[in-house]
Structure formats: C-alpha cells, structure tokens
Amino acid sequence: MRIGHGYDVHRLVEGRKLILGGVEIPHTLGLLGHSDADVLTHAVMDALLGAAGQWDIGHAFPDTDAAYAGISSLVLLERVMQRLAELKLKVGNVDATVLAQRPKLAPYIPQMRENLARLLGVSPDRVNIKATTEEKLGFTGQEEGIAAHAVALLLENQS
Ligand code: MG
C-alpha cells in the first residue's frame, strides 16, 4: 500500500465557472486557473501522484504549457490514472475535503463522487468527499478562494 496527500487552492473571481469534481455548480463566482481550476480534482490528483512518488500536477501538467489552457481537470485525472496503470498501481480509496464558505455543496457531492470514481476505476463508496466552511475565517471564509485536501491510498496491482 502507498498513501499520498494533496492540497490545492484557487482564487474565486467573477466571470468564471465553478467546477468541483467535474460538476458545474451554479454560483456568482468561479475559480480562476490555467485549466478549469477544479480545485477538488487537483487535490485528488496530487494525492495520487504523491502516493505514486510522481512529484505533483505542476510538474505533470505545467501551467506554462498552452495545451492545458482551459482543459477539463477530469481529462488530466485520466492521464494521471494512465501513469498509475503504467506503474502497476490501482486506487484503494480516496477521501477529500473541500473548504468553501459558499455555495452549499452537499447537493452536488453524489455527482462529484460518481465522476471521480469512474475515472479512478473504483465504486463511488471508495471516493468520499466532504465539504465544510471555515466559519467565515480566513480566505475561504471570506470567499476569496476555495481550498481542497485529499488523501489517497494506492495498491500495488498483482494481476
Ligand atoms: Mg490547482
């Protein structure tokens, strides 16, 4: 077994979509970034790459590379999974927490779990996603940004 941790932050701005776990969520603000800025999927990818000893998404998908401009982070996750397959690693489970003051994320979490589980090659019950506010404290509380933490367990594929 191998364990990895991921953490990411993106700034909230006007005029951008809010995409978390591949779900477009109606909101007045969205996340700024080179890709679709899906902060949850980014934290999950960093946890997977971390567990695999493969550095981080900044090295896997440099934001200086125009190929990644506006790209869906689910496509990037698919590429991370290809790399894991090459290394004969498969996902055991993932647990993640999104830190956001607004909007309420609970209604969208089942779809996020399905989206990520499909790409991770596991059932949705192995992809736990939680959302919390930080009680109006700090940059997430002040709605300046959204942060996400993730941990991932990888298993060495014997088959
Ligand atoms: Mg990011």
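**Reading helix α3**

At the start of α3, the backbone nitrogen of L74 has a side-chain oxygen of S72 within 3.1 Å.

Guide: Welcome! This is a predicted model, where local features need pLDDT of at least 70, side-chain atom pairs count only at pLDDT 80 or more, and totals for chains, interfaces and linings use all residues. Residues are numbered from 1 along each chain as its sequence is written, and side-chain values use heavy atoms, with hydrogens and water left out.

Visitor: How many residues does helix α3 have, and what does it reach from its first C-alpha to its last?

Guide: Helices here are DSSP runs (H or I, at least four residues), numbered from the N terminus. The expected span is 1.5 Å times one less than the number of residues. Helix α3 covers residues 73-86, 14 residues in total, and reaches 20 Å, close to the 20 Å expected.

Visitor: Which residues of α3 are buried?

Guide: Buried means under 20% relative accessible area and exposed over 50%, with partly exposed in between (1.4 Å probe, protein chains only). In α3, the buried ones are S73, L74, L76, L77, V80, M81 and L84. They line one face of the helix, because seen down the axis of α3 they fall within an arc of 150°, taken from the directions from the helix axis to the C-beta atoms.

Visitor: What does the face turned away from the buried side carry?

Guide: That face of α3 carries the exposed residues A85 and E86.

Visitor: What do the buried residues of α3 pack against?

Guide: Their partners are α1, β5 (89-99), α4 (109-120) and β7 (145-156). In α1, H42 is in contact (heavy atoms within 4.5 Å) with residues including S73.

Notes:
Helices (H or I, at least four residues) and strands (E, at least two) are DSSP runs, numbered from the N terminus. A polar contact is a pair of N or O atoms within 3.5 Å; within protein, one must be able to donate a hydrogen and the other to accept it, and residues adjacent in sequence count only if both atoms are side-chain atoms. Lists of a residue's contacts leave out its neighbours within four places in sequence.
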